[in-house]
Amino acid sequence: MNNKVILILLLLLVPSSLLQAQSVPPTPDQKEELPLKGDGGSWQKWGPTTGLNGGGFIVRAGYVIGGTTPLPLPAEVRKINEFSPRGGISLGIDAYRMFNRRWGVSLGAHFFWEGFHTSADVKNYYVWLEQEGEVTKGYFTGTNVTNTEMWGVTLPLLATFRISPRWNVSFGPYMSYYFKQTFTGEVYDNSDGIGYLREDTPVGTKILMSREKPTSYPDDFADHMLPLNAGIEVGFDWKALRHMNVFGKLDWGMTNIWSSSFEAISFKMYPIYATIGVAYRY
Amino acid sequence: MNKSFIAAFAVVPFLLTSCVLDEKENTECDIEEVSLHLETPSDYFYHDYDTLKTVISTESDIIFIIRSYAEIQSVPTTLRITSGATVYAVSEDGTEKPFINGSAVDYSDEKVNKFRVVSQDKAWSRNYSITVRHDKPSEGYLFIDFESYYLDPSGKYYVWDGPDFFNDGTWKNGNPGFKICKSSALPMDYPSTPAIGAGPDGSDCVKLETCDTGPFGRMANMRLASGSMFNGIFDVSNALTNPLKATQLGSPFTHKPMQMRIWLRYERGSVFQDRNGVAMDNVLDEPDIYLVFYRNEDASGNKIVLDGSDVLTNPNIVGLGRLPHHVNPDGSDQLSNDPIHGVTDQWQEFTIPVVYTAEVDPTILENKGYSINFGSASSWQGGYFMGAVGSILYMDNIQVFCE
């Protein structure tokens with residue numbers, strides 16, 4: 001479904017401005033425009049080392065936390081019992097170029113390892129499992145545990161806006177490519193001892209589940225995950241030191257992680273991960 | 001300001017996951033339990049516990065059995081149903097009125113009382129019937145030829161009629177469990193199937209075959225399903241969590257069985273596998289046939305029902321007859337490569353005597369205080385999901401002689 005979106009983003013990600021983002025010495029004209037004292041001095045002090053409309057690189061290291069979730073959370077999910085991040089490392093580089101004192105553009109490549117573990121109580125949650133031509137389907141009530149981990153690279157193309165000498169905010173589309181994904185889980189009874197599948201319909205045969213013998217997701221779930229995801233990134237940079245930023249960003253996936261032919265999970269799921277970290281600014 | 005800004009980012013995913021929507025109304029509509037309230041239950045029922053019936057999820061015709069001479073009229077009845085659901089009493093002309101727990105229901109003349117349970121969300125409903133039937137005296141001789149069989153309501157597998165005293169008059173087997181694993185299986189692909197014209201006398205017989213349970217069986221670590229036939233209840237709800245307990249074995253019986261005669265023919269599957277599907281060298285698969293007679297109530301009047309875990313070992317067993325097998329010094333089954341059961345690929349009639357280890361009290365016997373269980377399997381360790389895929393036991397013309 002999202003092939004078109006992904007293509008458009010790919011095209012967006014090859015801007016000619018990137019090539020010009022290398023250090024370009026400020027022209028004499030620009031120098032004249034810039035007052036060197038008062039507020040203007042601060043803008044220059046914290047600005048790109050090559051001048052207020054220059055460019056450069058930012059190398060980032062961050063901690064990633066988030067989840068892959070249906071939005072909104074379906075009513076079948078009654079309670080989140082546990083949530084813990086898995087992995088949570090992001091290492092990346094951005095090339096940026098300022099067009100003027102306020103506005104600029106940035107293109108990055110952020111390598112990540114992210115994921116989570118969650119345990120949720122669900123009620124009447126429709127499941128449809130197919131294995132080698134055999135189908136088991138029905139409505140599950142009980143506890144559902146999910147673990148997912150993803151290794152990949154995110155390419156954000158962002159508009160950056162400098163709201164003050166030391167504060168930048170950024171916004172724009174991104175595309176992620178996953179080198180490897182895992183998606184595992186199991187179902188069993190909840191803390192009240194209730195765990196069962198109603199086969200086919202809510203009036204079908206009741207099949208009990210227990211935590212002594214949890215039923216695992218089939219091994220092939222991850223095979224149905226798409227290798228590409230596109231979304232919107234928002235972020236900020238705070239220039240803590242002359243060359244060091246503290247940054248935060250949120251990557252909000254807008255495309256379903258599942259292939260459209262995958263029926264085991266009846267709703268679309270989106271990766272939503274935040275990163276906080278420090279960056280070195282060249 | 002800076003810290004709170006960062007914290008705000010970290011909190012976003014938690015906010016997303018914590019927005020749990022309002023709970024939807026229940027969709028289920030089961031009768032889970034029925035109890036009849038009688039001042040003197042023993043005037044009607046053989047056991048006091050017979051006034052309470054737990055209804056399994058696949059059951060919709062609920063039958064109570066009373067003494068053949070008892071005259072029952074209207075009895076206050078309580079139904080335990082799914083939370084939020086509503087139950088209606090359906091009259092003969094089809095009109096419905098809400099049923100209030102504890103109100104009297106007319107069970108005279110084996111009247112079939114109909115009920116309809118509607119789910120809280122009103123989208124689903126189930127029809128039930130509750131009947132009180134008189135016990136039919138059983139004869140001290142049984143002859144079973146497996147000629148009466150038909151497809152179950154789902155059309156997926158066969159069901160066989162058994163003697164009247166069997167719980168609902170039908171034989172039970174693992175077919176309902178196999179259906180969960182192998183949705184693609186046709187009726188003749190199931191572990192328990194009729195074999196048309198294949199009996200020793202040229203009539204139909206039963207074919208029990210140990211079958212591979214496919215990918216879902218592997219996921220549940222239940223890689224094979226032995227063909228089986230037994231009398232009692234198979235509660236498929238427990239098939240995943242506790243398969244041995246899913247079988248509630250035996251039916252109350254008022255005669256003391258002494259001997260069973262049965263026609264058998266066996267084709268052994270080639271590779272015996274353990275529960276993990278690993279081939280076991282030097283082990284040959286064996287069929288099993290047994291007849292168990294046991295006391296069905298303990299000293300305090302509690303119901304005793306044997307299940308797959310103790311059908312041959314429960315201390316309440318008074319009599320047992322079984323095909324011969326090797327046993328370990330502690331009496332448990334011993335796997336071997338030289339079986340002594342004697343069943344071959346040619347039809348033979350076997351005589352299996354019932355050996356008694358305790359006295360049978362005639363008064364208790366008369367009052368249905370003992371239960372009889374007939375068990376059969378194409379793989380004798382099938383209850384533990386061990387055996388050889390492809391083992392086939394043909395079975396026909398069972399006779400049970402009683403004292």
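These legends describe close-up views of a predicted model.

**View 1. Confidence in the model and in chain B.**
The predicted model scores ipTM 0.86 and pTM 0.82. For chain B, the mean pLDDT is 93. In that chain, 96% of the residues reach 70 or more. Residues 1–13 of chain B are another matter, with pLDDT below 50. Beyond near neighbours in sequence, this stretch has 18 contacts in the model. Where pLDDT is low, the predicted coordinates should not be read in detail.

**View 2. Chain A and its contacts.**
Chain A contains four helices and 11 strands. It has 282 residues, and 39% of them count as buried. Now take the contacts in chain A with a separation of 6 or more. Residues 24 or more positions apart account for 70% of them.

**View 3. An open sheet in chain B.**
Four strands of chain B form an open sheet. Their order is β2-β1-β4-β7, and the pairing is antiparallel. Look at the edges, where β2 (52–54) and β7 (104–106) of chain B stand. Each has a single partner strand, so one side of each is left without a neighbour in the sheet. From one strand to the next, the twist averages 35°.

**View 4. Where β4 meets β7 in chain B.**
Strand β4 of chain B covers residues 74–81. Three bridges join β4(B) to β7(B), and the two run antiparallel. Which residue in β7(B) is the bridge partner of B:Val75? The partner is B:Val105.

**View 5. The largest nonpolar core.**
This core has 40 residues. Those with the most contacts inside it are B:Leu264, B:Val292 and B:Met395. Several strands of chain B each supply at least two residues of the core, among them β10 (141–144), β14 (205–209), β21 (257–267) and β30 (392–402). Which strand gives the largest share? That is β23(B), with six residues. In soluble globular proteins, nonpolar side chains tend to be buried together.

**View 6. Around B:Met395.**
B:Met395 is one of the residues with the most contacts inside the largest nonpolar core. Which residues does B:Met395 contact, leaving aside its neighbours within four places in sequence? They are B:Cys205, B:Val206, B:Leu208, B:Ile262, B:Leu264 and B:Ser376.

A separate core has 34 residues. From chain A, this second core includes A:Tyr139. From chain B, it includes B:Phe234, B:Met386 and B:Ala388.

How values were computed. Residues are numbered from 1 along each chain as its sequence is written. Chains are lettered from A and ligands numbered from 1 in the order in which they are written. This is a predicted model: local features need pLDDT of at least 70, side-chain atom pairs count only at pLDDT 80 or more; totals for chains, interfaces and linings use all residues. Two strands pair if DSSP finds at least two bridges between them. Axes are lines fitted to C-alpha atoms, for helices over the stretch in contact, and angles run from 0 to 180 degrees between N-to-C directions. pLDDT is the predictor's confidence in each residue, from 0 to 100. Two residues are in contact if their C-beta atoms, placed from the backbone, lie within 7 Å. A residue is buried if 20 or more other C-beta atoms lie within 10 Å of its own, exposed if 12 or fewer, and partly exposed in between; C-beta atoms are placed from the backbone. A nonpolar core is a set of buried Ala, Val, Leu, Ile, Met, Phe, Trp, Tyr and Cys residues joined through C-beta atoms within 7 Å.
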